[in-house]
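Me: Hi! Could you walk me through this structure before I set anything up with it?

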Amino acid sequence: KKITGITIMRTPIEASALLKVAHISLEDKPYDKLFHLYMVLTMENGKVLALEKNEVIKLSVYDGRKGAEEFKISKVPSKTLSELLQKTEDRMGYSYHRYDAIKNNCQDFLMNILNANKFGSSSAKAFIKQDVKGLVGSTAQKVLTGATRVFGIAQTLLD
């Protein structure tokens with residue numbers, strides 16, 4: 001089915017157990033909140049789906065999450081969901097299925113979707129991208145990367 005609407009959503013990330021395990025504090029950082037970002041896709045058959053990347057790429061029926069900020073894409077590309085994802089995977093290669101909280105996170109995934117499929121204004125891209133480099137040291141980054149890989153494997157096995 002063709003995509004007829006795209007809205008980029010972002011929700012604040014609460015200080016999770018993973019951040020605590022990795023000894024990461026947001027105090028003295030250049031921003032007050034970190035965000036998780038995802039896309040809400042309206043399909044030509046009326047279905048509304050959420051597309052996101054945490055430890056794995058997830059596509060689900062959109063549940064109308066509370067507290068999200070949104071940015072509506074005005075010029076939606078004439079593509080099917082399959083075409084959108086294939087172009088993104090072609091662009092990202094090996095990184096498409098990998099997750100890294102700093103170098104290949106939900107924001108990077110959405111930016112790659114926009115860039116691979118040639119849509120999204122500079123305002124949309126500014127809404128998505130939050131610079132998280134320098135947020136954590138190399139040891140904490142390794143802990144986050146290892147933990148998200150373990151969560152990804154567990155999620156894949158459970159699904």
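**A chat about the fold**

Reply: Happy to, and here is one spot to begin with: α3 is followed by K118, whose phi is positive, near 55°.

Me: Where does K118 lie, and is K118 buried or exposed?

Reply: K118 sits in the loop between α3 and α4. With a relative accessibility of 74%, K118 counts as exposed, because the cut-off for exposed is over 50%. K118 has that positive phi although it is not a glycine.

Me: Before we go on, what is the mean pLDDT of the protein chain?

Reply: This is a predicted model, and the mean pLDDT of the protein chain is 80. Of its residues, 69% reach 70 or more.

Me: Where is confidence lowest, and where is it highest?

Reply: Helix α1, residues 17-21, has the lowest confidence, at a mean of 51. The highest is in α2, at 98. Where pLDDT is low, the predicted coordinates should not be read in detail.

Me: Good to know. How many helices and strands does the protein chain have?

Reply: There are five helices and five strands. Starting at the N terminus, the order is β-α-β-β-β-β-α-α-α-α.

Me: And what share of the residues is buried?

Reply: Buried residues account for 44% of the 159 residues in the protein chain. The accessible surface of the chain is about 9200 Å², and 53% of that belongs to carbon and sulfur atoms.

Me: How about contacts across the sequence?

Reply: Take the contacts between residues at least 6 apart in sequence: 71% of them join residues at least 24 apart.

Me: Let's talk about the inside. Which residues touch the most other members of the largest nonpolar core?

Reply: I8 and M39 do, in a core of 26 residues. The elements giving two or more residues to this core are β1 (3-13), β2 (34-43), β3 (48-53), α2 (81-92), α3 (106-116) and α4 (122-128). The largest share comes from α3, with six residues.

Me: What does M39 touch?

Reply: Leaving out residues up to four places away in sequence, M39 touches I6, T7, I8, L49, A50, L51, L110, I113, L114 and F119.

Me: Back to α3, then. Is α3 mostly covered or mostly open?

Reply: Mostly covered, as 10 of its 11 residues are buried. Among them are C106, F109, L110, I113 and L114, and also Q107, D108 and N112.

Me: What happens at the start of α3?

Reply: A side-chain oxygen of N105 reaches to within 3.0 Å of the backbone nitrogen of Q107.

Me: Changing topic: which way do β3 and β4 run?

Reply: They run antiparallel, and five bridges join β3 to β4. The two strands form a hairpin with three residues between them. One of the pairs is L51 with its bridge partner L59 in β4.

Me: How many residues of β3 are buried?

Reply: Five of its six residues are buried, so β3 is mostly covered by the under 20% cut-off for relative accessible area.

Me: How far apart are E55 and C106?

Reply: In sequence they are 51 residues apart, and in space 9.2 Å, C-alpha to C-alpha. C106 is one of the buried residues of α3.

How values were computed:
Residues are numbered from 1 along each chain as its sequence is written. Side-chain values use heavy atoms; hydrogens and water are left out. A nonpolar core is a set of buried Ala, Val, Leu, Ile, Met, Phe, Trp, Tyr and Cys residues joined through side-chain atoms within 4.5 Å. Buried means under 20% relative accessible area, exposed over 50%, partly exposed in between (1.4 Å probe, protein chains only). Helices (H or I, at least four residues) and strands (E, at least two) are DSSP runs, numbered from the N terminus. Contact means heavy atoms within 4.5 Å. A polar contact is a pair of N or O atoms within 3.5 Å; within protein, one must be able to donate a hydrogen and the other to accept it, and residues adjacent in sequence count only if both atoms are side-chain atoms. pLDDT is the predictor's confidence in each residue, from 0 to 100. Two strands pair if DSSP finds at least two bridges between them. Accessible areas come from the Shrake-Rupley method with a 1.4 Å probe; for residues, only the protein chains shown count as cover.
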